[in-house]
Amino acid sequence: MTSPLGRVSRLVLLFLLVGTVQTLLPQIWMPLGYLDGMMIAVGLVALRTSFAGAVWTGALGGLIQDSLAGGIIGLHAFAKTAVAAGLALLADSFAVRGQLAEAVIVATATAVEGMIVRALLLFLGWPGPESTVVLITRAGVTGLVCGLGTVGLPLLVASWQRRQQRGLRWR
Amino acid sequence: MQALSRTARNAALLLGLLMAFFLVMSLQVNRGSTLAVARGTVAGVVSPLQRIGSAVGGLVTSTWGRYVWLVTAARENEALRQRVAELQRRVAAGDAAKRENSRLRGLLGIHASLAGEWIGARVAGRDFTQRYETVTINRGSRDGIERDAAVIAPGGALVGRIIQVNLWTSTVQLITDPLSGVGARLADSRATGLVSGSSASPLRLDYISTRAEVTEGEAIVTSGEDGIYPADLMIGHVTKIDVGPPVPGTPRVPLMREETALFKVILLDPAIDVLRIENVLVQLPASVPAPVAATEEEP
């Protein structure tokens with residue numbers, strides 16, 4: 001069991017790491033900029049925690065994202081808090097089992113978050129809200145990467161473990 | 001009863017946070033505050049990681065790039081030799097024009113646009129939300145960079161301005177950001193206007209009178225009248241000219257006669273692809289030698 005402070009510290013570290021990696025990804029390949037890694041992190045945590053935990057997770061992830069993005073502080077924090085609350089309610093009401101289901105949920109959550117951000121920008125009278133194509137692309141890329149990560153990674157680890165066991169037996 | 005109380009507590013928490021965020025957003029939009037403390041704290045933690053990541057990423061991409069480009073190097077070499085010959089001829093012509101330009105500038109008392117000190121920087125990160133057009137560079141206040149400093153490409157084309165300075169890194173608002181504004185001048189007709197980012201095109205030029213003579217392909221340079229960017233930095237070229245609404249930024253009136261319009265709307269093609277730029281030059285304040293050690297940004 002870890003203390004609440006320890007859990008928060010770990011979350012902050014996770015979000016800072018995700019944020020840093022994401023600022024570097026578009027430099028390697030521009031389309032990687034469409035990946036919303038922060039939404040993956042917030043979404044996966046929100047699906048596994050209490051309602052209050054999910055709300056604080058969304059707020060924290062969104063605030064760190066806003067601080068790194070260089071725009072309005074509170075924009076992504078608002079959207080991610082609302083989406084994380086929705087995800088917590090979803091996980092509380094329905095049985096969300098399987099990594100593929102989580103990937104689809106995270107992709108949908110990314111699209112919903114994009115729509116909230118777009119509505120807020122329009123409401124605040126800020127120019128340049130993103131197009132529907134960008135919104136769908138971001139949701140698609142995020143869902144795909146989330147799916148590949150959550151399904152592919154455990155498969156890779158299992159395969160590696162099997163190989164290790166076989167190697168031990170051969171010896 | 002206890003469950004109801006927990007539900008009420010959760011609802012209050014959610015509503016409270018959402019209202020707080022909305023209030024913070026409204027304050028920023030109304031007062032133009034940027035919550036520099038919050039931003040600076042996060043950037044201070046992240047910027048060393050970004051610098052390391054940028055250095056490693058740069059090493060990997062350059063090694064891979066060199067390997068791939070080696071294959072086409074011979075063909076490019078031949079083409080470049082021809083290009084060098086052509087450029088040598090142009091340089092000779094350019095030198096003559098430069099001498100004449102310098103003489104005329106001297107007569108008119110105009111200073112060179114790139115006067116002052118500039119420091120080289122590498123793009124260390126980009127806005128991953130892709131909702132704002134900003135990049136992070138690996139130079140900060142310890143290198144002498146200050147807010148509102150002009151940022152240009154090595155070739156001299158305008159990239160943007162510094163909007164946030166941290167100890168190790170700085171954030172650059174690109175000229176393609178819809179919230180940016182650059183005082184600009186048409187190179188030939190000398191009419192002045194305002195260049196900003198646009199959703200329809202990378203850049204648009206507003207406040208150019210309908211009486212001004214504008215041609216497609218005409219160069220747009222900085223006017224130097226905004227107090228941020230030096231004059232005569234290359235911004236882009238005119239791609240489309242249209243008649244604008246009575247007031248720039250408002251919807252166009254249906255069936256409006258061209259004669260009643262006050263301004264043109266001009267779309268531009270930027271001189272460089274600012275989203276793909278890797279190295280930039282940042283203008284240093286006249287009093288700060290380059291690079292200087294540990295000078296903190298003023299609060």
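Biologist: How many bridges join strand β6 of chain B to strand β7 of chain B?
Modeller: This is a predicted model. In it, β6 covers residues 182–186 of chain B and β7 covers residues 192–197. The two strands run antiparallel, and the number of bridges joining them is four.

Biologist: Which residue in β7(B) is the bridge partner of B:Arg185?
Modeller: Within the pairing of β6 and β7 of chain B, B:Gly183 stands opposite B:Leu194. For B:Arg185, the partner in β7(B) is B:Thr192.

Biologist: Which residue in the hairpin of β6(B) and β7(B) takes a positive phi?
Modeller: Five residues lie between the two strands of this hairpin. The positive phi there is near 65 degrees, and the residue that takes it is B:Arg190.

Biologist: What is the average twist from one strand to the next in the barrel that runs β6-β7-β8-β11-β10-β9?
Modeller: This barrel in chain B is closed, has six strands and shows antiparallel pairing. From one strand to the next, the twist averages 40 degrees.

Biologist: In what order do the strands β1, β2, β3, β4, β5 and β12 of chain B close into a barrel?
Modeller: The pairing in this barrel of six strands is antiparallel. Neighbouring strands are turned against each other by 45 degrees on average, direction ignored. The order is β1-β2-β5-β4-β3-β12.

Biologist: Which strands of chain B does α1(A) touch?
Modeller: Helix α1(A) packs on the sheet, and its direction makes about 105 degrees with that of β1(B). The strands touched are β1 (118–126) and β2 (134–137) of chain B.

Biologist: Which residue in β5(B) is the bridge partner of B:Arg161?
Modeller: Strand β4 (residues 158–165) and strand β5 (residues 170–174) of chain B pair in the antiparallel sense over five bridges. The partner of B:Arg161 in β5(B) is B:Gln173.

Biologist: How far apart are the end C-alpha atoms of helix α1 of chain A?
Modeller: The helix has 25 residues, numbered 4–28, and at 1.5 Å a residue it should span 36 Å. The model agrees with that expectation, since the end C-alpha atoms are 36 Å apart.

Biologist: How many residues of α2(A) are buried?
Modeller: Helix α2(A) is mostly covered. Among its buried residues are A:Met38, A:Ile40 and A:Leu44.

Biologist: At roughly what angle do the axes of helix α2 and helix α4 of chain A cross?
Modeller: Helix α2 covers residues 37–46 and helix α4 residues 75–93, and their axes come within 9 Å. The crossing is right-handed. The angle is roughly 35 degrees.

Biologist: Which residues in α4(A) meet α2(A)?
Modeller: By class, the contact has five nonpolar, one polar and one charged residues. From α2(A) come A:Val42, A:Gly43 and A:Ala46. From α4(A) come A:Lys80, A:Ala84, A:Leu87 and A:Ala88.

Biologist: What percentage of the residues of chain A count as buried?
Modeller: Chain A has six helices and zero strands. Among its contacts with a separation of 6 or more, 65% are between residues 24 or more positions apart. Of its 171 residues, the buried share is 46%.

Terms used
Residues numbered from 1 in each chain as written. Chains lettered and ligands numbered in written order. Predicted model: local features only at pLDDT ≥ 70, side-chain atom pairs only at ≥ 80, totals over all residues. Pairing = 2+ DSSP bridges. Axes fitted to C-alpha atoms, helices over the stretch in contact; angles between N-to-C directions. Left-handed = near helix turned anticlockwise from the far one by under 90°. Contact = placed C-beta atoms within 7 Å. Nonpolar A, V, L, I, M, F, W, Y, C, P; charged D, E, K, R; others polar. Expected span 1.5 Å × (residues − 1). Buried ≥ 20, exposed ≤ 12 C-beta atoms within 10 Å, placed from the backbone.
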